[in-house]
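Colleague: Could you walk me through this one? I'm new to it, so please take it slowly.

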Amino acid sequence: MDETPRDNAPVPAAQPSLSKKPVAEGELRASDADRDRVADILREALAEGRLDPEEHAERIDGVYNAKTVGELEPLVRDLPVGRRGAGPAAGAPPESYPPPQPQTLVAIFSGSGRKGRWSVGRRTSAFALFGGVDIDLTEAVFHQQEIVINATAIFGGVEIRVPENVSLRGSGTAIFGGFDVHAQEADDPRAPVVVVTGFALFGGVDAKGKTGKFLKNLTDRMRKHGLGH
């Protein structure tokens, strides 16, 4: 048998080499902690009058749409605290209270929701597929000044209700559906801020204030949890 290699024998494909080039800090993927820290800077700027509500809302949208640390930095570059950098958080001081863990509400061919007196975390995710999710914050206990609700509705609906004295902001994308955030601004700059983001496909997301419902003892509650300082 002739064992001479054939000229047309297949040549093994060259394996791609992994780049060892270090990633610049600005190209690092942003974490939830990075976004929350920048959001806190913007909240302080709003309370101090450095940003008006429209500017704050616009920048908050940018915060939660940012993919990298480099996209966060320009959002606080012109603010005093922001000059210290918007890079990855390291060694942030511990909070004086244990915040609730992120929560997820799922409704698939069914219903899900939270209402009454419940502790709302910094982040809540809602997913409705041929079902409905109801999130009622009118009697909720807020442990952070700003919370984010990410809502996804596919052939279903997500309904969010907040007290009249809580700020409501956000925006989302809708395809053959609706994504409606009825923005409102609380008179007290220390009041909680609910930011709604997400996506609706052949479904709907509706977030608005609930008439006649107010977060009770707002000032005492904010002071108790160390908010608004």
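Predicted model: local features only at pLDDT ≥ 70, side-chain atom pairs only at ≥ 80, totals over all residues.

Colleague: Okay, how many aromatic pairs does the structure hold?

Modeller: The structure holds 4 aromatic pairs. In one of them, the rings of Phe109 and Phe130 have centres 5.0 Å apart and planes at 10°, so the pair is stacked, given that planes under 30 degrees apart count as stacked.

Colleague: And where do Phe109 and Phe130 lie?

Modeller: Phe109 is in the loop between β1 (103–108) and β2 (111–114), while Phe130 is in the loop between β4 (123–129) and β5 (132–136), so the pair ties together parts that are 21 residues apart in sequence.

Colleague: Is Phe109 buried or exposed? And what about Phe130?

Modeller: Phe109 is exposed, its relative accessible area being 63%, whereas Phe130, with a relative accessible area of 42%, is partly exposed.

Colleague: Which other pair could we look at, say one with Phe176?

Modeller: Phe176 forms an aromatic pair with Phe202, and this one is stacked, at 5.1 Å centre to centre with 5° between the planes. The pair links distant parts of the chain, 26 residues apart, since Phe176 sits in the loop between β9 (167–175) and β10 (178–181) and Phe202 in the loop between β11 (193–201) and β12 (204–209).

Colleague: How accessible are Phe176 and Phe202?

Modeller: Phe176 counts as exposed because its relative accessibility is 67%, and exposed means over 50%. Phe202, at 42% relative accessibility, counts as partly exposed.

Colleague: Which residues form the aromatic cluster?

Modeller: One aromatic cluster is formed by Phe109, Phe130, Phe155, Phe176 and Phe202, so the residues of both pairs we discussed belong to it.

Colleague: Switching topic, which residues form the negative surface patch?

Modeller: Asp52, Glu54, Glu55 and Glu58 form a negative surface patch. Of these residues, Glu58 is found in helix α2, which covers residues 53–65, and Glu58 is exposed, with 62% relative accessible area.

Colleague: Last one, where is Arg43, and is Arg43 buried or exposed?

Modeller: Arg43 has its place in helix α1, residues 32–47. At 15% relative accessibility, Arg43 counts as buried, because buried means under 20%.

Colleague: How far apart are Arg43 and His56 in space?

Modeller: From C-alpha to C-alpha, Arg43 and His56 are 7.6 Å apart in space, while in sequence these two residues are 13 residues apart.

How values were computed: Residues numbered from 1 in each chain as written. Heavy atoms only, no water. Patch = residues over 30% accessible without salt bridge, like charges linked within 9 Å, V, L, I, M, F, W, Y side chains within 5 Å. Areas by Shrake-Rupley, 256 points an atom, 1.4 Å probe, with all protein chains shown as cover. Salt bridge = Lys/Arg side-chain N within 4 Å of Asp/Glu carboxyl O. Lys, Arg positive; Asp, Glu negative; His and termini not counted. Charge placed at Lys NZ, Arg CZ, Asp CG, Glu CD. Helix = DSSP H or I, 4+ residues; strand = E, 2+ residues; numbered from the N terminus. Buried < 20%, exposed > 50% of the residue type's maximum accessible area, 1.4 Å probe, protein only. Phe/Tyr/Trp six-rings, centres within 6.5 Å; stacked < 30°, edge-to-face > 60°.
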